Amino acid sequence: MSTQTSGLAIETAGLVKTFGETRAVDGVDLSVPAGTVYGVLGPNGAGKTTTVKMLATLLRPDGGEAHVFGHDIVREADEVRGRVSLTGQYASVDEDLTGTENLVLLGRLLGHHKKAARGRAAQLLEAFGLTEAAAKQVKQYSGGMRRRIDIAASILNTPDLLFLDEPTTGLDPRSRNQVWDIVRAVVAQGTTVLLTTQYLDEADQLASRIAVIDRGRVIAEGTKGELKSSVGAGSVHLRLRDPDQRTLAADLLRRVLDAQVQLEPDPVALTARLGTAASDDSAAEQASRALSELSRAGITVDNFSLGQPSLDEVFLALTGHDTHDSDHTDDSHDPKDEVAA
Amino acid sequence: MSTATTTESKELAPVSTESLAALLISEERPPRPSAWSASMTFGWRAMLKIKHVPEQLFDVTAFPIMMVLMYTYLFGGALAGSPGEYIQFLLPGILVMSVVMITMYTGVSVNTDIEKGVFDRFRTLPIWRPSTMVGYLLGDALRYTIASVVMLTVGIILGYRPDGGIVGVLAGIALLVLFSFAFSWIWTMFGLMLRTEKSVMGVSMMVIFPLTFLSNVFVDPKTMPGWLQAFVNNSPITHLASAVRGLMGGDWPAAEVAWTLGWTGLFVLVFGPITMRLYNRK
């Protein structure tokens with residue numbers, strides 16, 4: 001089959017979607033290797049959801065072409081549908097029905113007999129820790145539970161390609177970690193995952209390759225390492241015991257790390273942004289060097305933490321503008337993109 | 001929001017990645033469901049919705065009862081001498097009118113439902129595309145049947161005596177439900193075409209009021225001016241009302257039944273494909 005020949009789960013060339021005057025997706029080229037997590041990173045309205053909707057056969061492209069496992073998304077939409085699952089930004093389950101009813105309904109639509117559909121529904125609810133909520137209507141579920149039932153619905157039949165459109169937007173950190181665990185388990189079984197996200201650390205945690213999208217275009221693409229080296233290693237946040245030592249500490253950090261140092265409103269706090277110049281060393285190595293220099297100089301550090309470069313920093317480095325600028329050119333036709341939970 | 005989070009962390013069991021992994025090991029995928037099976041599954045979804053939101057049956061119970069009572073006593077004395085006389089003529093007609101009016105809600109529910117995320121999922125399933133809409137209408141057919149039974153019961157209490165007996169009555173209801181199923185494709189079309197629930201409602205009213213009132217439901221068309229007779233005598237509602245009246249009255253109105261079935265086919269053939277075109281583009 002074509003999957004073996006190309007080894008690509010998704011291949012797009014010059015994909016375009018316009019809504020009136022707005023070019024929501026403006027010539028996107030993607031090559032997603034099968035069996036991996038591919039991250040599509042970008043701010044609200046960058047065209048992530050529109051791209052996913054086209055690839056999942058929900059929207060017809062206005063230009064370019066795309067193949068999913070070698071099948072054309074327009075001419076062979078039905079073959080594509082047979083191999084993909086979509087978990088949208090907002091619960092793609094029926095809120096009026098219970099958890100069990102939703103899964104049985106989809107199981108039946110995927111061709112399972114009643115008994116098999118019931119069995120599979122019960123197993124999935126169990127695995128997702130939703131057995132107690134099985135008989136409740138989904139509208140009574142919390143955000144984390146909705147995500148779970150939603151993903152459960154997507155893997156009723158293990159798909160070859162799973163689209164996760166901002167799976168953790170609006171979730172608390174604990175639920176977010178659980179979604180990550182689920183994604184890892186799904187990929188471990190050979191499913192390809194296309195994940196869209198606004199969070200750099202989410203893409204970092206899960207994806208092996210990342211495409212950064214802005215205003216409907218791919219502005220950077222590569223492995224995590226490649227992407228990060230273009231942005232710098234992150235930052236070190238420090239809290240000192242004695243506010244009087246702060247100026248001294250700032251000078252020392254500038255010298256040792258060749259970093260930009262910012263004094264925080266809190267009189268004992270400061271942040272050193274690690275530059276790209278010293279990025280041969282990892283952020284952790286740089287930080288530990290800084291800490292030992294500080295203690296040698298007699299400065300007491302109460303508390304420190306390492307921060308990853310934020311999406312804002314990635315955008316600033318790649319585009320010269322920050323994420324908020326692109327909100328003006330967003331696909332505002334789509335209210336789902338706008339109302340970030 | 002904060003309360004939801006706390007209850008969640010208290011109650012929500014952890015995800016079991018081991019059993020998840022076991023579930024994910026691909027088994028043989030079952031073959032795709034047939035068009036019939038997929039439609040019936042969506043029909044089942046419609047039933048579940050009725051089960052969870054039983055208030056939506058209000059329009060197929062209270063509304064029809066009101067229609068029978070209102071028109072029987074309002075027009076009965078004037079048009080037929082007494083309400084008891086009039087109901088013999090009126091009941092099959094008012095049955096047709098009320099059920100056809102109820103079909104209107106299909107458009108509104110399609111319009112609100114389509115905006116929800118679950119439709120994205122349905123549309124990415126490898127199933128017979130019209131089954132989502134057919135399922136809707138199958139659920140609605142149940143509503144039409146309930147409304148018919150309710151109205152007949154009220155009619156019989158008020159003195160309606162169908163000469164066609166049980167067979168005639170059942171045949172009449174079957175024809176009415178079949179016609180309404182076909183007619184509803186107009187509403188699925190509007191439900192997908194128009195942007196808001198309100199505009200769907202507005203357009204539906206514009207269609208349904210003239211169509212149902214300008215018919216032989218209340219009076220014999222011979223009393224109307226010629227130009228109006230031309231419209232009324234060729235209206236699908238008139239054919240349907242005559243067919244149902246005949247069947248329940250113990251006649252076999254072959255021509256009227258044939259006309260009704262013709263309209264039924266026409267509605268599906270014209271508005272079915274338009275609906276599906278809109279659905280695929282949505």
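In chain A of this predicted model, 68% of the contacts between residues at least 6 apart in sequence join residues at least 24 apart. For chain B, the share of contacts with a separation of 6 or more that comes from residues 24 or more positions apart is 78%.

**Chain A**

The domain assignment divides chain A into domain 1, which is made of the segments 2-83 and 159-229, and domain 2, which covers 234-308. Between the C-alpha centres of domain 1 of chain A and domain 2 of chain A there is a distance of 37 Å.

Read from the N terminus, the elements of chain B follow the order α-α-α-α-α-α-α-α-α-α-α-α-α, and along the principal axes the C-alpha atoms of chain B fill a box of roughly 75 × 40 × 35 Å.

Helix α6 of chain B, residues 105-114, has B:Tyr105, B:Thr106, B:Gly107, B:Ser109, B:Val110 and B:Asn111 as buried residues. The partners against which the buried residues of α6(B) pack are α4 (58-80), α5 (83-102), α8 (131-158), α9 (165-193) and α10 (197-213) of chain B.

Two of these partners, α4(B) and α8(B), also pack against each other, at an angle of about 35 degrees and with their axes 9 Å apart; the crossing in which α4(B) passes α8(B) is right-handed. On the α4(B) side the contact is formed by B:Val60, B:Thr61, B:Pro64, B:Ile65, B:Val68 and B:Thr72, which meet B:Arg143, B:Ile146, B:Ala147, B:Val150, B:Met151, B:Val154, B:Gly155 and B:Leu158 of α8(B). Sorted by class, this contact of α4(B) with α8(B) holds 10 nonpolar, 3 polar and 1 charged residues.

**The interface between the chains**

Where chain B meets chain A, 40 residues of chain B are in contact with 47 residues of chain A. On the side of chain B that touches chain A, at least two residues each are supplied by α1 (2-11), α2 (17-24), α3 (35-52) and α7 (117-123) of chain B. That side of chain B comprises 20 nonpolar, 11 polar and 9 charged residues.

How values were computed. Residues are numbered from 1 along each chain as its sequence is written. Chains are lettered from A and ligands numbered from 1 in the order in which they are written. This is a predicted model: local features need pLDDT of at least 70, side-chain atom pairs count only at pLDDT 80 or more; totals for chains, interfaces and linings use all residues. Domain bounds come from an automatic or database domain assignment. Two residues are in contact if their C-beta atoms, placed from the backbone, lie within 7 Å. Helices (H or I, at least four residues) and strands (E, at least two) are DSSP runs, numbered from the N terminus. Ala, Val, Leu, Ile, Met, Phe, Trp, Tyr, Cys and Pro count as nonpolar, Asp, Glu, Lys and Arg as charged, and the others, Gly among them, as polar. A residue is buried if 20 or more other C-beta atoms lie within 10 Å of its own, exposed if 12 or fewer, and partly exposed in between; C-beta atoms are placed from the backbone. Axes are lines fitted to C-alpha atoms, for helices over the stretch in contact, and angles run from 0 to 180 degrees between N-to-C directions. A crossing is left-handed if the near helix is turned anticlockwise from the far one by less than a right angle, and right-handed if clockwise.
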